Amino acid sequence: MQTPEEYEVSQRIGLLIKGLKHKRGMSREDICRHLGIGMRTLDNYLNGVSSFKLGTLMKFADLCRVKLADILDDTEALSRLYPDNMKDKGSILTLILGSIAGYFLIFESIVFLLLLLLFCCCYKDKNSQTITGIFLFIFALEVVVAYLLRFIIFPAVESYFFENIYAFGLQLTLSLMLLFLLKHRMTISVFLTQGRSASVFEKNGIEAPIYFLAMTLVLIDFLALMENFLRNLDRLGMSEELAKTFWEVTFFYDYFEYLKTIPAFLCIALLYVGFIARRNAPLQVGYLGAAPK
């Protein structure tokens, strides 16, 4: 049975577990796996049936990237991890988007379905369809990567540090691939249509803003990956005392889903606007004097 002081710490840990789920998408099963305990053991700790072991508390502090003393004394350093603080972090729109982004697999699947619908609507305009198809291809890969991470890679990796390397690294790879495909959009269009559609040679008005949003996605992934290394310098050989000064660098780590969600939906909105603008534009003479198909 826990003492009142121990029970207070257990309640605090219960809040932190909610924070880990809300901000970092970690389930109770994920947390138990990292702590090396079972679900029933965690429930006993949180319900006051038994006391946390020192080794388990140290692992939990490491998982939260705070000092053990912060958890024991409820210092200001824990405030950023409490889920209730999210109420003060942004607008209602941000909270709605964040609730979607918190379910990573659902978000990726929704974006994929929206792009698939838009791709089908663009079948008469090969120019818009090619750009939409590039996004559709990348987000199809993201759905595959999301399932791969969730059900294969994460269960096989013991360290949250390495989980983030895989997650952010794969996201960065896909964002760079998106940027590359957009840059060579016309070449891809000609190859896929075999030059039979004149509209693929036309400039699309959304290409510049779409390319900018793709660069934004690359930047977010890169900074998140670099921040993961920066926050784990102790794992890379730096002394723990010096490494602790970087544990508070958490912006991209905590808000990665929010930062990725907004430009992703903006891309879909731009693709739709571009398609509507081209559909309603007056018929133009296409490449080599042929009407666009």
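What volume does the largest cavity have? About 80 Å³, in a predicted model where local features need pLDDT of at least 70, side-chain atom pairs count only at pLDDT 80 or more, and totals for chains, interfaces and linings use all residues. Residues are numbered from 1 along each chain as its sequence is written, and side-chain values use heavy atoms, with hydrogens and water left out.

**Overall build**
- The protein has 13 helices and zero strands, counting DSSP runs numbered from the N terminus (helices are H or I, at least four residues; strands are E, at least two).
- Of the 293 residues, 46% are buried (under 20% relative accessible area, 1.4 Å probe, protein chains only).
- Take the contacts (heavy atoms within 4.5 Å) with a separation of 6 or more: 72% of them link residues 24 or more positions apart.

**Cavities**
- There are two cavities of 30 Å³ or more; a cavity is a set of points on a 1 Å grid over the protein atoms alone where a 1.4 Å probe fits but cannot get out.
- A volume here is the space filled by probe spheres set on the points, which are joined across faces, edges and corners.

**Lining of the largest cavity**
- H7 (104-121), H8 (126-156), H9 (160-183) and H13 (251-280) each supply at least two lining residues, and H9 gives the most, with four.
- Lining residues (an atom within 4 Å of a point) include Phe 107, Glu 142, Gln 171, Leu 217 and Lys 260.
- By class, the lining has seven nonpolar, two polar and three charged residues; Ala, Val, Leu, Ile, Met, Phe, Trp, Tyr, Cys and Pro count as nonpolar, Asp, Glu, Lys and Arg as charged, and the others, Gly among them, as polar.

Terms used. 1 Å grid on protein atoms, 1.4 Å probe; cavity = no way out; pocket = protein on both sides within 12 Å on 5 of 7 lines; lining within 4 Å. Buried < 20%, exposed > 50% of the residue type's maximum accessible area, 1.4 Å probe, protein only.
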